[in-house]
Amino acid sequence: MFLAKVYVTLKSTVNDPQGRTVLGGLKSLGFSAVSDVRAGKYIQIRVEEPDRKRAEAQVEEMCDKLLANPVIEEYRFELEEV
């Protein structure tokens, strides 16, 4: 069995209003050294698959079909055996 840790973020060319809002909040709290914030999603998925290659392929397909919008988002994932 594997645990997939999936990180989904907006592509760098896509405007990030949530990131801008967080940046404004941090600045108003006195964190003047912060220059940029990009917001994203973190998803954990347990995959009941004994073969690493097959687990990777399944997670890749999940990301492509549901977890990320390939037009505006990019993703990466880590797979660890549990």
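Colleague: Which exposed residues does the face of H2 turned away from its buried side carry?
Modeller: This is a predicted model, and H2 spans residues 52-67. The face of H2 turned away from the buried side carries three names to look for in the structure: Lys 53, Arg 54 and Lys 65.

Colleague: Which residues of H2 are buried, and what arc do they cover around the axis?
Modeller: The buried residues of H2 are Ala 55, Val 59, Cys 63 and Leu 67. An α-helix has 3.6 residues a turn, so residues three or four places apart point the same way.

Colleague: Which strands do the buried residues of H2 pack against?
Modeller: The residues in question are Ala 55, Val 59, Cys 63 and Leu 67. They pack against strand E1 (2-10), strand E2 (40-47) and strand E3 (73-81).

Colleague: Which residue caps the N-terminal end of H2?
Modeller: The cap is made by a side-chain oxygen that lies 3.4 Å from the backbone nitrogen of Lys 53. The residue that supplies this oxygen is Asp 51.

Colleague: How many residues of E1 are buried?
Modeller: E1 has nine residues, and it is largely enclosed by the rest of the structure. That description holds because the number of buried residues in E1 is seven.

Colleague: How many aromatic pairs does a search of the whole structure find, and at what angle are the planes?
Modeller: The search finds one aromatic pair. Its rings belong to Tyr 7 and Tyr 42, with centres 5.1 Å apart. The pair counts as tilted because the planes are at 40°.

Colleague: How many residues apart in sequence are the parts that this pair ties together?
Modeller: Tyr 7 lies in strand E1 and Tyr 42 in strand E2. Both are partly exposed, Tyr 7 with a relative accessible area of 24% and Tyr 42 at 44%. The pair therefore ties together parts whose separation in sequence is 35 residues.

Colleague: Which residue lies over the face of Tyr 7?
Modeller: Tyr 7 is partly exposed. At 4.1 Å from its ring centre, over the face of the ring, lies Arg 76.

Colleague: What is the relative accessible area of Glu 73 in strand E3?
Modeller: Glu 73 touches Val 8, Thr 9, Leu 10, Lys 11, Lys 41, Leu 67 and Ala 68, not counting residues up to four places away in sequence. Buried means under 20% relative accessible area. Glu 73 is therefore buried, with a relative accessible area of 15%.

Colleague: Which residues is Phe 77 in contact with, leaving aside its neighbours within four places in sequence?
Modeller: Phe 77 lies in strand E3 and counts as partly exposed at 22% relative accessibility. Leaving aside those neighbours, Phe 77 is in contact with Lys 5, Val 6, Glu 56, Val 59 and Glu 60.

Colleague: Where does the side chain of Lys 27 reach at 3.3 Å?
Modeller: Lys 27 is in helix H1 and counts as partly exposed at 39% relative accessibility. Not counting residues up to four places away in sequence, Lys 27 touches Ser 32 and Val 34. At 3.3 Å, the side chain of Lys 27 reaches the backbone oxygen of Ser 32.

Key
Residues are numbered from 1 along each chain as its sequence is written. This is a predicted model: local features need pLDDT of at least 70, side-chain atom pairs count only at pLDDT 80 or more; totals for chains, interfaces and linings use all residues. Side-chain values use heavy atoms; hydrogens and water are left out. Buried means under 20% relative accessible area, exposed over 50%, partly exposed in between (1.4 Å probe, protein chains only). Helices (H or I, at least four residues) and strands (E, at least two) are DSSP runs, numbered from the N terminus. Contact means heavy atoms within 4.5 Å. A polar contact is a pair of N or O atoms within 3.5 Å; within protein, one must be able to donate a hydrogen and the other to accept it, and residues adjacent in sequence count only if both atoms are side-chain atoms. Rings of Phe, Tyr and Trp (its six-membered ring) pair if their centres lie within 6.5 Å; planes under 30 degrees apart count as stacked, over 60 as edge-to-face and the rest as tilted. A charge sits over a ring if NZ of Lys or CZ of Arg is within 6 Å of the ring centre and within 35 degrees of the ring normal.
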